[in-house]
Amino acid sequence: LIIEDNSDVRIYLRSILHQDYHVEEAEDGEAGIEAAFKIIPDLVISDVMMPRKDGYEVSRTLKNDMRTSHIPLVLLTAKSSAESRMEGLDTQADVYLSKPVMPKELLLQTQNLIESRKKLRERYQKENLLRPAEIATNSVDEQFLTRLMEVMELHFSDPEFGVEDLGSYIGLSRSQLHRKLHALTNENTTQFIRTFRLRRAMDMLRAKSGNISEIAYLVGFNNVSYFNKSFLALFGKRPGDVTA
């Protein structure tokens, strides 16, 4: 998402990025914030000096809202002073670039930011348990993930507990929760809930807390066959291989 009030600059930035990325645009800070909440982009590039809301306010708003706190943000400005740069970083912007923007620098920074988020998602995929402090890049995301874990700990054994319920407890719509979770874990909400239950099942199997059927029901699966299939898909082994 490019947020820039100068149409010529928007065209220039789009020309740099459009071959590698799908680009959306907003013509000022207020419209940019609304667009970010609506589409949940993978990256935001925002000018600093804009009408209605400037880039600093854009950064502060997006970085402190649960829906968008995970999104990497690049601030662009004609100001090159250290004070201006510090103000930008103080809003939790990830990168601060001076105008005129060099195409290669913008592309490299964009690639690096997106790649860093990808690595965090890969770390989650490899972990047996979600560790918020290791996945989150800021306090808002850590609080979100911690709350998510708390809710799942209370309800994972309930087979009726699903996507709508989790969204209601967290305070996000179905689509917002999906986009947020996918950005942080590379899973949609249904997959996240299933993975959580399966990881709890793995803990129970290792602790010999019951037989396979009992544990399947304890973690919210009504169908043991589906539990076995899902377990194999996630861990590459059958539940019986753990208890053997």
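I began at Ile3, which stands opposite Ser46 in β3. The model is predicted: local features need pLDDT of at least 70, side-chain atom pairs count only at pLDDT 80 or more, and totals for chains, interfaces and linings use all residues. Residues are numbered from 1 along each chain as its sequence is written, and side-chain values use heavy atoms, with hydrogens and water left out.

**Sheet**

I then looked up the pairing around Ile3. β1 and β3 pair in the parallel sense over two bridges. For strands to count as paired, DSSP must find at least two bridges between them. The elements themselves are DSSP runs numbered from the N terminus: helices are H or I with at least four residues, strands are E with at least two.

Next I followed Ser46 onward. Ser46 stands opposite Leu75 in β4. One more pair on these strands: Ile45 stands opposite Val74 in β4. I found four bridges joining β3 to β4, and the two run parallel. Four bridges also join β4 (residues 73-77) to β5, again parallel. There, Leu75 has Tyr96 of β5 as its bridge partner.

I wrote down the whole order: β2-β1-β3-β4-β5, an open sheet of five strands with parallel pairing. β2 (25-26) and β5 (95-98) stand at the edges with a single partner strand each, so one side of each has no neighbour in the sheet. Helix α3 (residues 55-63) packs on the sheet and touches β1 (2-3), β3 (44-47), β4 and β5. Its direction makes about 170° with that of β4. Contact here means heavy atoms within 4.5 Å. Axes are lines fitted to C-alpha atoms, for helices over the stretch in contact, and angles run from 0 to 180 degrees between N-to-C directions.

**Burial**

Which residues cover the two faces of β4? Leu73, Leu75 and Thr77 lie on one side, Val74 and Leu76 on the other, and all are buried. I use buried for under 20% relative accessible area, exposed for over 50%, and partly exposed for in between (1.4 Å probe, protein chains only). Five of the five residues of β4 are buried, so the strand is largely enclosed by the rest of the structure. β3 has both faces covered too: Val44 and Ser46 are buried on one side, Ile45 and Asp47 on the other.

**Two loop residues**

I checked Thr68, in the loop between α3 and β4. Its relative accessible area is 0%, so Thr68 is buried. Leaving aside neighbours within four places in sequence, Thr68 is in contact with Ala36, Phe37, Ile40, Thr61 and Leu62.

Arg131 sits in the loop between α5 and α6 (132-135). Arg131 counts as partly exposed because its relative accessibility is 38%. Arg131 and Leu145 are 14 residues apart in sequence and 8.3 Å apart in space, C-alpha to C-alpha.

**Largest pocket**

Last, I looked up the largest pocket, which holds about 560 Å³ of space. A pocket is an open set of points on a 1 Å grid over the protein atoms alone, where a 1.4 Å probe fits, with protein on both sides within 12 Å along at least five of seven lines; lining residues have an atom within 4 Å of a point. The volume is the space filled by probe spheres set on the points, which are joined across faces, edges and corners.

Of the 30 lining residues, Ile40, Pro41, Asp42, Leu43 and Ile114 are the closest to the centre of the largest pocket. α5 gives the largest share of the lining, six residues.
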